[in-house]
Amino acid sequence: MSLDSVRQELTRLAPDLAIIDDGLSTATVLEAAAVHKVAPDQIAKTLCVDVGGRIVLVVMAGTARLDNRRAREVLGGKPRFLGPEAVLEMTSHPVGGVCPFGLPAPLPVYCDESLLQFEEIIPAAGSITASVRMTPQKLVELTQGVWVHVRQDAK
């Protein structure tokens with residue numbers, strides 16, 4: 001069902017984008033990078049977090065980590081990761097296939113600037129085997145997302 005909702009939304013909003021689903025697992029950043037033959041950071045992972053009772057999605061480069069202090073400042077409260085059941089309920093997507101498309105209800109989307117280093121990024125598409133290639137700008141356009149800096153800086 002989740003893949004279908006993503007397919008329907010992308011068909012309506014971005015018919016030029018094709019969902020890629022060859023049956024291979026893309027559930028982790030490393031698996032997705034291997035399947036798509038790209039650097040792990042080109043995989044746009046979507047985190048589903050609770051910020052003081054408000055559920056938001058944060059999309060960031062595959063190996064980037066959320067900086068709690070920055071996230072608190074930008075999102076307006078301490079982010080807490082949702083468990084797999086809550087993620088599925090809020091997004092209709094299983095963990096490993098979470099994306100900011102085909103949601104049962106709109107959620108605020110924050111896109112970390114770590115994605116801007118790439119001409120093309122690859123978010124999941126609602127299942128653990130489906131993905132879609134797009135530009136970072138297209139991601140923000142489709143999701144009405146906001147660019148933020150919430151990742152930890154390299155040490």
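**Notes on the predicted model**

1. Helices (H or I, at least four residues) and strands (E, at least two) are DSSP runs, numbered from the N terminus. Gln144 is not a glycine, yet its phi is positive, at about 55 degrees. Its relative accessibility is 70%, so Gln144 counts as exposed (exposed means over 50% relative accessible area, buried under 20%, partly exposed in between, with a 1.4 Å probe and protein chains only).

2. A word on the basis: this is a predicted model, in which local features need pLDDT of at least 70, side-chain atom pairs count only at pLDDT 80 or more, and totals for chains, interfaces and linings use all residues. Residues are numbered from 1 along each chain as its sequence is written, and side-chain values use heavy atoms, with hydrogens and water left out.

3. Lys37 is another residue to look at, in the loop between α2 and β2. Its phi is near 55 degrees, a positive value in a residue other than glycine. Lys37 counts as exposed because its relative accessibility is 72%.

4. Now for the overall fold. The protein chain has 5 helices and 8 strands, in the order α-β-α-β-β-α-β-α-β-β-β-α-β from the N terminus. A compact globule of 155 residues would have a radius of gyration near 15 Å, and the 14 Å of the protein chain agrees with that (the radius is taken over C-alpha atoms, and the globule rule is 2.2 Å times the number of residues to the power 0.38). The C-alpha trace spans about 40 × 35 × 25 Å along its principal axes. Of the 155 residues, 52% are buried.

5. Helix α3 (residues 68-75) has Arg70, Ala71 and Leu75 as its buried residues. They lie on the same side of α3, because they cover an arc of only 110 degrees around the axis (the arc is that of the directions from the helix axis to the C-beta atoms). Their cover includes β2 (43-51), β3 (54-61), β4 (79-81) and β5 (109-112).

6. Val29 belongs to helix α2 (residues 29-36). With 18% relative accessibility, Val29 counts as buried. Beyond its neighbours within four places in sequence, Val29 is in contact with Pro40, Ile43, Lys45 and Gly62 (contact means heavy atoms within 4.5 Å). The C-alpha atoms of Val29 and Ala39 are separated by 9.4 Å, with the two residues 10 apart along the chain.
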